[in-house]
Amino acid sequence: MSVLITLFWIAVAVALAMGAGWLFRALAIAVTRGPTARALRTAPISAGFGMLVILIYVLVAIFAPLIAPFAERQVVGAQFLPWDSTHLFGTDNLGRDLFTRLVYGARNTVGIAFATTALAFLAGSILGLLAATVGGWLDQALSRVVDILMAIPSLIFSLLLLTIFGTSVITLVLVIATIDSTRVFRLARSVAQNIVVMDYIEAAKLRGEGLWRLITREILPNAMAPLVAEFGLRFCFVFLMISALSFLGVGIQPPTADWGSMVRENAALITFGDVTPLLPAGAIALLTVAVNFVVDWMLHRASGLKE
Amino acid sequence: MKDTTNKPVLLTMRDIHIEGRSDETWSPIIKGVDITLHKGEVLGLIGESGAGKSTLGLAAMGFVRDGCRISGGTIDFDGIDLRAATKDQRRALRGKRIAYVAQSAAASFNPAHKLIDQYSEAPVQHGVMSRAEAEHDAVELYRRMRLPNPEEIGFRYPHQVSGGQLQRAMTAMAMSCRPDLIIFDEPTTALDVTTQIEVLSAIRDIVAQFDTAAIYITHDLAVVAQMADRIKVLLRGDEVEEADTRSMLSQPKEDYTKSLWAVRSHARPTQPPAEKGTTPVVSVRAVTAGYGQVDILKNVNFDIHKRRTVAVVGESGSGKSTAARVITGLLPPRQGQVLFDGKALPPDYRSRSRDQLRQAQMIYQMADTALNPKLRLRELIGRPAQMYLGLRGKALTERIRDLLHLIELDPDTFVDRLPSELSGGQKQRVGIARALAAEPQFIICDEVTSALDQLVAEGILRLLDRLQSEFDLAYMFITHDLATVRAIADEVVVMQNGRVVEQGPKDEMFQPPHDPYTELLLSSVPEMDPDWLTRLLKEREAKA
Amino acid sequence: MSAIWAMIAKRLGLGLLTLFVISLIIFSATEMLPGDLAEAVLGQAATEETVAAFRRELGLDQPAYVRYGNWLMGAVQGDFGTSLANKRPISDLIATRLGNTLFLALYAAAIAVPLSLILGVLAALFRNTWFDRGANALALTSISFPEFFVAYILIFVLAQSGLFPSMARVDANTGFGESLYRTFLPALTLTLVVTAHMMRMTRAAIINLLASPYIEMARLKGVKPMRVILRHALPNALAPIITVVALNLAYLITGVVVVEVVFVYPGLGQLMVDSVAKRDFPVVQAVALIFAAAYVLLNLTADVLSTLSNPRLIHRK
């Protein structure tokens with residue numbers, strides 16, 4: 001019976017999400033014009049939903065102090081209070097307001113994941129583009145190093161490195177960005193390699209263009225579409241990885257409000273039939289789903305435009 | 001040429017409409033075409049790219065590709081309504097009574113199975129023969145298709161057989177059930193001319209031997225003239241006209257058809273050879289070059305003079321493009337050197353001066369990949385002028401407008417367009433403008449017209465001609481197409497396996513006596529005369 | 001034929017080399033510690049003498065290459081040294097846990113691999129139908145879920161009602177059937193996460209394949225749809241499918257860590273997480289080496305198998 005009820009609520013949620021996605025897309029088409037509006041018209045409802053969710057998360061992260069009723073680390077009542085009007089989602093294992101911590105989590109968890117991805121991207125794509133353009137020994141050396149680093153499963157590798165360097169936010173960001181930049185390197189390099197063989201690159205080289213202009217004017221504009229899509233995918237990956245590490249207790253450390261640690265701190269409740277620990281986990285899942293939906297549409301568009 | 005009009009009708013297609021989907025909307029590909037085909041008759045379908053030839057050919061089998069649909073008309077094959085038939089009924093016809101020969105045999109054979117297994121599949125699956133009979137039959141047909149080692153070749157995998165042989169093996173496979181109709185979809189387009197002859201003659205003979213009807217799809221008029229009893233001309237999904245081959249060739253009715261026919265007759269007056277003692281613009285001296293251990297070019301010598309066009313001719317693998325790479329400095333030669341205005345150029349382009357780079361420009365075969373798709377025409381054309389001539393601001397804008405005028409594109413309309421907003425011919429013109437922007441003395445044209453439709457190619461050749469006289473340019477024109485050579489060259493260099501086998505002024509080159517390879521190459525180029533293939537084969541037989 | 005064996009031998013050699021370099025990285029990771037292992041473990045408060053004594057005990061007074069040699073030789077023979085936390089031989093800690101982790105991973109793989117291949121092929125065949133769209137959206141959703149979210153949902157829905165235990169406690173005395181029952185939820189969690197990935201990749205590989213001209217040719221020869229799939233698509237699909245399976249089995253290695261922690265399953269992953277928290281370096285190194293070796297071996301196997309399934313490579317010119 002409980003399964004049926006769950007299924008019913010899932011159906012309701014899906015229907016609501018589709019409605020919201022459709023509305024948001026209609027709204028977005030109405031307020032934009034030109035190529036953006038034309039692109040939006042091809043977006044499936046799922047992508048509309050994804051964009052709406054991302055927008056909401058960004059707003060919550062920016063305006064967290066205004067939205068949250070209490071301070072991030074403030075103990076406001078007894079432990080594990082049930083849901084009521086003052087404490088929307090009750091309190092956590094130390095008696096802090098759960099809703100407040102969820103709101104601040106958007107800032108901390110998403111912010112850290114975003115910074116990490118950006119760092120990984122900067123390093124990975126610059127090196128990848130450089131390797132493909134210059135070729136020769138530089139390409140060989142970088143590729144071999146990346147091959148080796150990628151032969152170690154990323155979660156295991158980050159656990160190992162975090163043991164050594166300790167678990168501050170800075171080391172967390174650096175360790176994960178390093179590991180993830182290898183994946184970005186691979187992609188950027190293979191995308192650029194397909195571009196480098198084009199006649200227009202040959203023409204630019206024969207014209208006597210320098211390396212900087214070759215990369216920024218001739219290669220990068222043509223590599224943007226797959227790189228942007230990859231940024232979305234990498235963000236999901238990094239976000240899930242940081243959440244997993246936090247959940248395991250070696251990621252973002254308390255008392256910082258973070259969704260992965262919140263699941264861990266309140267996990268005991270689940271065995272009593274309380275859904276509260278699922279809320280931060282769901283917040284993680286929802287954002288990843290949203291980004292994936294948007295990326296899926298972008299990849300679809302990129303592959304369709306090629307023909 | 002045979003008269004088949006008194007034979008019974010095999011295939012009738014009436015008012016066929018086919019649509020293709022792009023971005024949720026359906027747009028027409030074929031707009032109401034009729035086809036009537038008698039038993040044993042060969043119908044040539046001819047048209048430029050995008051005319052809908054292949055789509056129409058596949059529709060004759062009741063087949064459409066993904067993303068397409070037949071939206072109207074009737075297809076009647078020997079009394080069977082193909083549009084009303086069930087999937088299984090259509091499937092039972094395919095391979096057994098209607099067969100298909102694809103353009104790329106290399107891609108259309110399954111890499112995982114031997115040729116003979118793929119040959120036997122249709123007869124065994126359709127219950128026409130047992131496996132043993134099919135294998136025996138395969139050897140017979142391989143022999144008739146004049147494949148080497150017919151007993152043994154079937155036991156090879158597709159990647160172990162050459163392109164021309166694969167195309168013949170595919171025709172044999174199509175014949176396996178002795179179908180009433182075969183659709184040939186550009187079967188020789190991907191082959192070199194000398195290989196093409198063998199495939200064409202084998203196809204023609206086997207179709208005649210089994211009295212099979214065929215639809216022969218191609219863009220090459222001279223090829224279709226050899227193969228078809230009747231020709232139908234298509235243009236953007238519409239029928240232009242249809243007639244039997246001889247009257248179509250001698251007296252086309254429609255303007256479009258006439259213009260197609262006329263392209264072949266273009267030629268410009270040849271320039272006299274340069275005076276003795278003048279320094280050539282570019283001089284290739286005893287060049288040997290290659291990749292790894294392999295020499296692609298072996299002791300190659302030729303000169304290119306001011307205001308002259310030198311056509312470098314050869315089949316794929318002859319080394320003609322490698323010669324261009326040596327001249328541009330992309331591939332430093334192992335021996336020999338390249339002189340520019342009598343002075344040796346540094347072998348690697350990276351050690352050449354800006355001015356040396358400016359003097360030699362290149363126009364590419366595929367304008368699609370030669371223009372950066374993310375840059376607007378303003379930057380594509382303006383960049384060389386800015387870099388080499390130091391033009392800025394107003395002077396640069398003026399120069400860009402002049403260049404666009406030179407290539408006959410309206411500056412106001414085009415200057416801010418992206419390459420994707422241009423047609424194939426317009427893109428190639430932009431490629432020319434980019435080369436001109438550097439104000440060079442010498443331009444390498446690498447198969448610049450071979451990806452274009454004939455009418456468009458004609459326009460490009462005329463433009464290049466005009467620019468040459470206007471700016472005293474020297475051209476090196478790489479091509480495999482002798483019709484183009486006839487149209488524009490002053491001198492010809494014939495290459496085979498990395499060596500120059502013959503060179504000289506064009507008028508001498510098209511007169512005997514020839515080097516045997518030049519002879520083979522020249523004689524293999526299809527002519528518009530429907531009797532050409534028959535005559536040629538007889539001549540070759542007589543010689544042998 | 002000898003060419004292909006040479007190629008495989010080369011791959012194997014490369015795999016061994018990779019493993020060697022990885023062992024080097026894992027070993028030298030502790031060398032990057034500020035100070036050294038002894039100081040890191042004992043902390044600031046320790047006196048010079050105790051640190052020196054501890055160094056001798058750990059063998060830190062020897063040069064790094066000697067310690068690496070000893071460590072690697074030991075590891076190859078199954079001896080990983082002793083745990084810092086409880087002074088027991090690491091091999092004792094690992095032995096039963098390795099078995100448990102393998103059991104869980106194989107359990108999940110046994111469900112996930114056939115399931116996802118079937119679903120992937122179906123989605124490719126019924127491309128752009130409601131089934132495909134639904135399966136695709138569902139797969140995308142479940143890829144996006146963190147493993148612990150899936151795990152807790154399953155606990156909430158299936159363990160609440162008492163259908164399955166929420167803690168997967170097994171020991172040496174648990175029978176095979178009982179083990180299957182107790183580890184059902186962790187196995188299901190892994191299955192759900194991995195199936196989605198594998199299904200999407202299988203679908204993409206098959207669609208890519210079905211677009212090739214030789215498949216169109218087979219259909220134009222009037223070959224039955226089932227035969228087109230089995231005879232024309234499948235032999236060529238082997239390489240991409242093997243790659244997909246291997247990638248995801250490798251993914252299981254990562255997934256297993258989180259799932260073991262959620263379900264308090266006595267496996268290697270849980271041991272590793274505990275040891276990370278305790279900063280028990282030798283144990284972390286040992287477990288990392290085992291996981292990395294499994295990962296490399298999986299990828300290597302896939303590489304060799306897909307080479308062997310490529311007709312262009314088997315039947316050389």
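When I say buried, I mean under 20% relative accessible area, and exposed means over 50%, with partly exposed in between, using a 1.4 Å probe and protein chains only. This is a predicted model, in which local features need pLDDT of at least 70 and side-chain atom pairs count only at pLDDT 80 or more, while totals for chains, interfaces and linings use all residues. Residues are numbered from 1 along each chain as its sequence is written, chains are lettered from A and ligands numbered from 1 in the order in which they are written, and side-chain values use heavy atoms, with hydrogens and water left out.

Chain A to begin with. Chain A has twelve helices and zero strands; helices here are DSSP runs of H or I with at least four residues, strands are E runs of at least two, and both are numbered from the N terminus. The C-alpha trace of chain A spans about 75 × 50 × 40 Å along its principal axes. Of the 307 residues in chain A, 52% are buried.

Now one helix in chain C. H4(C) covers residues 64-76, which is 13 residues, and reaches 18 Å from its first C-alpha to its last, close to the 18 Å expected; the expected span is 1.5 Å times one less than the number of residues. Which residues of H4(C) are buried? They are Arg67(C), Tyr68(C), Trp71(C), Leu72(C), Gly74(C) and Ala75(C). Viewed down the axis of H4(C), these buried residues fall within an arc of 160°, so they line one face of the helix. The arc is taken from the directions between helix axis and C-beta atoms. On the face turned away from the buried side, H4(C) carries the exposed residues Tyr65(C) and Val76(C). After H4(C) comes Gly78(C), with a positive phi near 90°.

Next, the interface of chain A and chain C. The contact, meaning heavy atoms within 4.5 Å, takes 43 residues from chain A and 45 from chain C. The area buried between them is about 3,800 Å², and carbon and sulfur atoms give 82% of it. That is the accessible area, with a 1.4 Å probe, that two parts lose on being put together, summed over both. Ile156(A), Thr163(A) and Ile164(A) supply 16% of what chain A buries against chain C, more than any other three residues.

There is one salt bridge between the two chains, defined as a side-chain nitrogen of Lys or Arg within 4 Å of a carboxyl oxygen of Asp or Glu. Asp296(A) forms it with Arg200(C), with the closest N and O atoms 3.4 Å apart. H12(A) gives the most to the side of chain A that touches chain C, with ten residues.
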